[in-house]
Amino acid sequence: MATKTDIASRLTEHLKDLRLPTIRECFSDEAKRARKESLSYEAYLLELISRETEDRRQRKIERFLRESKLPLEKNLDTFEMERMPAKVKSQVSVLLEGSFVDRCDNVLAFGNVGSGKSHLLSAICQELIYEQQRRVYSAACSILVQDLLVAKRDLRLKNKLKNLDRFEIIHIDDIGYVQHDREEMEVLFSLLAHRYERRSVMITSNLPFSGWEAIFKDPMTTAAAIDRLVHHSVILELNIPSYRLEHSGESGGRGTGGKDVGKKKVKATG
């Protein structure tokens, strides 16, 4: 007859093979608690499965945060929502529900430099990762364009666009902030056209649509890009003064550089 030690050893090996690390670590202690509290077999099993499930969820969130490249200090805890217009506050509440992602809608945030566009969209993306485990990729427009341009020159742009499809949301920060040549804007248009009605795009820009011809260099391309973005979209208008200018004269301001990522239980490492 197998001893308790033999059973525990064999169970540990099986759990290792099944890739259930949390259950492997806690089944012995939970078994002691179950005996002490006279828990049923089902209650004991439920506790083990619940702990494994929660641990996997936490690890998944950590992985999604790392791959997102989001600035984690720009979260809802560090965002002054009270500065936002009432309409934007209402729109943000709806966006946090995440249904726009299922519809493949876009989110376009416009406003002056320093109005909080990047911070707000970053915060929304983080909440969607924490609460719904959505996959997000964030990049400054200038960096994303260069990555796409390299892929085009290597004759793998199609594969690059397909690879980006695994992200439900691509957050493109500061379109129009840096001027690009026509070839660079052509690959950006390729990305926008590829994701149209397939995946969501979130964009920040300090240029209204009337100024986008300076971005895409061509009236037809500009019109086509705007048409694809606006067709299914939520537009956030942050017509407020610059946060940095408002606080530039204050001492001991609310700098976020030394703050924790937030009140969440999980934060990215590495």
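## Basis and burial

A residue counts as buried under 20% relative accessible area, as exposed over 50% and as partly exposed in between, with a 1.4 Å probe and protein chains only. By this definition Trp212 is buried, at 0% relative accessibility.

The model is predicted: local features need pLDDT of at least 70 and side-chain atom pairs count only at pLDDT 80 or more, while totals for chains, interfaces and linings use all residues. Residues are numbered from 1 along each chain as its sequence is written, and side-chain values use heavy atoms, with hydrogens and water left out.

## Aromatic pairs

Rings of Phe, Tyr and Trp (its six-membered ring) pair if their centres lie within 6.5 Å; planes under 30 degrees apart are stacked, over 60 edge-to-face and the rest tilted. The model has five aromatic pairs by this rule. One of them is the tilted pair of Tyr137 and Phe167, at 5.5 Å centre to centre and 35° between the planes. Tyr137 belongs to strand E2 (residues 136-140) and Phe167 to the loop between helix H8 (157-164) and strand E3 (169-173), so the pair ties together parts 30 residues apart in sequence. Helices (H or I, at least four residues) and strands (E, at least two) are DSSP runs numbered from the N terminus. Tyr137 is buried at 15% relative accessibility, as is Phe167 at 2%.

Phe209 and Trp212 form an edge-to-face pair, with 5.1 Å between centres and 75° between planes. Phe209 is partly exposed, at 25% relative accessibility. Ring pairs also link Phe110, Phe209, Trp212 and Phe216 into a cluster.

## Pocket and cavity

On a 1 Å grid over the protein atoms alone, a cavity is a set of points where a 1.4 Å probe fits but cannot get out; a pocket is an open set with protein on both sides within 12 Å along at least five of seven lines, and lining residues have an atom within 4 Å of a point. Grid points are joined across faces, edges and corners, and a volume is the space filled by probe spheres set on the points.

The second largest pocket has a volume of about 400 Å³. Of its 16 lining residues, Ile7, Leu11, Phe27, Ala31 and Tyr44 are the closest to its centre. H2 supplies the largest share of this lining, six residues.

The structure holds one cavity of 30 Å³ or more.
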